[in-house]
Amino acid sequence: MTPPRRPDPPPMRTNDVRVALMGTAAWAVALVVLLIAGTPSGDRWWLWVCVTGVVTGLFGVWYIPRLQAGRERQEAARAARRDAAVEDAAQPSEAQPSAAEPPGVTREDAVETSDADV
């Protein structure tokens, strides 16, 4: 028999913007080095790779906060719906007829009918 599984740890919080900035800085340094030292055997595509890395990194720096904010809004909405569902389940509903009553008959109608039959 295997021991019971422990719950998963919560996700680790990271600073994704800092990671994107570091990558962008690395591509920028590579671009500057290539501009100063020159490209090997005149291949200019090396420069374009560095430029693409810098542009992609800048896009990431712009996009990551928006992505994280959207995920936080989505999680907050999901938590609010979950809390509302728990509250609704905890409160008994008076509008629901019991299983013994036919559909469309309220409890008051059922009580009046049973009193008239006596």
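How many residues does α2 have, and what distance does α2 reach from its first C-alpha to its last? In this predicted model, α2 has 46 residues and reaches 65 Å between those two atoms, close to the 68 Å expected at 1.5 Å a residue.

The protein contains three helices and zero strands, and its pattern along the sequence is α-α-α. Of its 118 residues, 10% count as buried. Among the contacts with a separation of 6 or more, 47% are made by residues 24 or more positions apart.

**Helix α2**

Helix α2 covers residues 45-90. A kink of about 30° is found at Y63 in this helix, shortly before the proline P65. The buried residues of α2 are L47, C50, G53, V54, G57, G60 and I64. What covers these buried residues includes α1, which spans residues 16-37.

**The largest pocket**

The volume of the largest pocket is about 320 Å³. Its lining is made up of P11, M12, R13, T14, D16, I64, L67, Q68, R71 and E72. Helix α2 gives the most to this lining, with five residues. By type, the lining residues divide into four nonpolar, two polar and four charged. I64 belongs to the lining and is also one of the buried residues of α2.

N15 is placed in the segment before α1.

R44 lies in the loop between α1 and α2. Why does R44 count as exposed? Its relative accessibility is 56%, and the cut-off for exposed is over 50%, so R44 falls in that class. R44 and L34 are 10 residues apart along the chain, and their C-alpha atoms are separated by 9.5 Å.

The two C-alpha pairs are set out below.

| Pair | Separation along the chain | C-alpha distance |
|---|---|---|
| R44 and L34 | 10 residues | 9.5 Å |

Notes. Residues numbered from 1 in each chain as written. Predicted model: local features only at pLDDT ≥ 70, side-chain atom pairs only at ≥ 80, totals over all residues. Heavy atoms only, no water. 1 Å grid on protein atoms, 1.4 Å probe; cavity = no way out; pocket = protein on both sides within 12 Å on 5 of 7 lines; lining within 4 Å. Points joined across faces, edges and corners; volume = space filled by probe spheres on them. Helix = DSSP H or I, 4+ residues; strand = E, 2+ residues; numbered from the N terminus. Nonpolar A, V, L, I, M, F, W, Y, C, P; charged D, E, K, R; others polar. Expected span 1.5 Å × (residues − 1). Bend = angle between axes of the 7 residues up to and from the residue. Buried < 20%, exposed > 50% of the residue type's maximum accessible area, 1.4 Å probe, protein only. Contact = heavy atoms within 4.5 Å.
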